Amino acid sequence: CPRFQIAFLGSGRVGKTSILRRYLFGTFFEEYLETVEETYSQPYYINGKRQNIDYIDTAGSISFPAMQQIYMSQANAFVLVYAIDDKRSFDEMKNIWEKIKQARNNVLNIPVVIVGNNLDMENNRQIETFDALNWAFGENLGGCFLEVSAKTDQHIKDIFEILLEQLGNKRSEQRGPFRIRLTS
């Protein structure tokens, strides 16, 4: 079976591991443990074909830049995560996207989902939905943006639905309205 590698990238402490664990195992842990790298494999049927997907949970710390560069140049898809209550993490996520654009040809053919995590921290919000959505539209990622809470399991499955949909339907070939998921 062909394999797809999907890299989860973003600053440390934004919830990349929490999002993956919530989706794959239905669990959430309050305690923070720094991730170096973890890979979770799952089989899926995409467009009628069995595909294996490796979700790569990456280190958010700056101490592993070589590993991050490998993911940027080789992954088949990306989930770029920031925390809505941490402006620095949003700036870092935008910086990661710039590095991906430099490392790759035609980014329109690469599935990407932009995720603002920590929706349960709405009262501490530092990144307004409109500002993040405006940036995403400017980068042709508007239909691939949503805000979630790994803690409360709000919109977590939507990340993976959008991502899996893109694996068989490149953004550069999409016709019709954008698919946007905002808080409900």
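Helices (H or I, at least four residues) and strands (E, at least two) are DSSP runs, numbered from the N terminus. The expected span of a helix is 1.5 Å times one less than its number of residues. This is a predicted model, in which local features need pLDDT of at least 70 and side-chain atom pairs count only at pLDDT 80 or more, while totals for chains, interfaces and linings use all residues. Residues are numbered from 1 along each chain as its sequence is written, and side-chain values use heavy atoms, with hydrogens and water left out.

1. Helix H3 comprises 17 residues, 87-103. From first C-alpha to last it reaches 25 Å, close to the expected 24 Å.

2. Ser89, Phe90, Met93, Ile96, Trp97 and Ile100 are the buried residues of H3 (buried: under 20% relative accessible area; exposed: over 50%; 1.4 Å probe, protein chains only). Viewed down the helix axis, these residues fall within an arc of 115°, so they line one face of H3; the arc is that of the directions from the axis to the C-beta atoms. The face turned away from this buried side carries exposed Arg88 and Gln102.

3. Asp57, in strand E3 (residues 49-58), is buried yet has no salt bridge (a side-chain nitrogen of Lys or Arg within 4 Å of a carboxyl oxygen of Asp or Glu). The nearest side chain of opposite charge, Lys16, is 5.6 Å away.

Key: Lys, Arg positive; Asp, Glu negative; His and termini not counted.
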